[in-house]
Amino acid sequence: INAEYMGKTIESFIPFDKTSHFSVHNIPFGVFSSKDNPKLRCATRVGDTVIDLSLVEAENLFDGPLFTALRHKSQHVFQEGSLRAFMSLNRAHWKEARSTIQTLLKNCSRLSELSAALIPVSECTMALPVDIGDYTDFYSSRSHAYNIGCIVRGPDNALQPNWLHLPVGYHGRASTVVVSGTDVHRPRGQIKPADKEHPVFSECKRLDFELEVGALLGGPLNEIGVPIKVDKAEENIFGFVLLNDWSARDIQTWEYVPLGPFNAKNFSTVISPWVVTLDALEEFRVDLPPQDPQPLEYLREKRHGSFDIKLQVAIQTEKSSEREVIVNSNFRHLYWSVTQQLAHHAVTGCAMRVGDLLGSGTISGDEKGSFGSLLEISWGGKNSIKLASGEDRTFLLDGDTVILSGYAERKDGTLVGFGDCVSKVLPAHPITAFYD
């Protein structure tokens, strides 16, 4: 297959369909095991073929100047069951590795002879790309923040006074960040029914998804006490994943004052397994609208932008044989950029670490069809949506499977995408699991 990228022709001996998220223009990074080898290994993917990068590195096929220098120092970065060593390098190394892989994909290259490194995706099981160091969730889509504010406080006080001045965020739980394909039990917790004087211990009745994009950090990062400049922050963004931040809305309503969400958000966060790099997304950069009021100096960036990545959420119920798309959004629906999020996170001297995950917050557009959560789509549970199966939903029921997907489309119609981020709702654990 011959394809053009940034004006250059790229060949690939590994075939890929034009509709594949994993074209030769992508070259994402992930971690997998296979049927014949349970050991976790680093990989990339083209079409329906997973490429074992531990074998590629062992055969000294990473022959660019930076990786050659690493080899002379006996420094290997793809021999662990994690991308951490690779992510700890700098962007020049990431760029060279991706370029080398694209060169190796050319017909009759040495990679084509390394059959053991070429594994059908159907024989692979994906794992987390890296152990998540810390997880922080932001609130960076203006439409989403406005919608939630209208539902909770009314349109006259929809945005809190600080929202237009800083990227609002909170610290989540890294221990419950899991890879796509991991199902989630409906949580139980304290809920305060409107008709009750006191809270009750109950299973969540308002279980929701949140459509987000997560940024994984890498490179040489700041030490404690040292900030990160907004125009240099991109050097520490290794790449992006899709992110579903499961939310128990009724638990959240009772607990969030005054310190914000806690148990309502800490039980599961699901990410897609393939990390798409900034270099793969370079041609999809878009400018974001000017910010008004102008941010303080440390948040002013030379180019205030994001990426034109189409985002979808689909639901497949137990009664349906097919998924049904209920959300069409876009990564450009941000007010605060990812680089502003990172700069603000570190402005007080917070030390960031390789493998830290920054969630964008729910990404919603201006129209109902682009709202990134059921809380918005149902407008606080007031309006149900009718599915093709004839079923109604305001919030999720047991057995519902939520599928996030995202891709950027090139002018020739080929895609650079993330694949799917999938998780199914399982019933709550029985009450006997919590107390006798």
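User: Is I431 buried, partly exposed or exposed?

Analyst: In this predicted model, I431 lies in the segment that comes after strand β28, which covers residues 415-426. A residue counts as buried under 20% relative accessible area and as exposed over 50%. Because the relative accessible area of I431 is 32%, the residue is partly exposed.

User: Which residues make the nonpolar surface patch of about 370 Å²?

Analyst: A residue can join such a patch when its relative accessible area is over 30%, and I431 has 32%. The nonpolar patch of about 370 Å² is made by I431 together with F201, F434 and Y435.

User: Is S405 buried or exposed?

Analyst: S405 belongs to strand β27, which runs over residues 401-409. Leaving aside neighbours within four places in sequence, S405 is in contact with L242, K310, L311, Q312, G419 and D420. Buried means under 20% relative accessible area, and because S405 has a relative accessible area of 10%, the residue is buried.

User: Which element gives the most residues to the lining of the largest pocket?

Analyst: The largest pocket has a volume of about 1,100 Å³. Of the 40 residues that line this pocket, the closest to its centre are Y139, I148, V152, Q252 and Y256. The elements that give two or more residues to the lining are β8 (135-138), α5 (142-153), β9 (169-171) and α6 (249-255). The element that gives the most, with six residues, is α5.

Key:
Residues numbered from 1 in each chain as written. Predicted model: local features only at pLDDT ≥ 70, side-chain atom pairs only at ≥ 80, totals over all residues. Heavy atoms only, no water. Patch = residues over 30% accessible without salt bridge, like charges linked within 9 Å, V, L, I, M, F, W, Y side chains within 5 Å. Areas by Shrake-Rupley, 256 points an atom, 1.4 Å probe, with all protein chains shown as cover. Salt bridge = Lys/Arg side-chain N within 4 Å of Asp/Glu carboxyl O. Helix = DSSP H or I, 4+ residues; strand = E, 2+ residues; numbered from the N terminus. Buried < 20%, exposed > 50% of the residue type's maximum accessible area, 1.4 Å probe, protein only. Contact = heavy atoms within 4.5 Å. 1 Å grid on protein atoms, 1.4 Å probe; cavity = no way out; pocket = protein on both sides within 12 Å on 5 of 7 lines; lining within 4 Å. Points joined across faces, edges and corners; volume = space filled by probe spheres on them.
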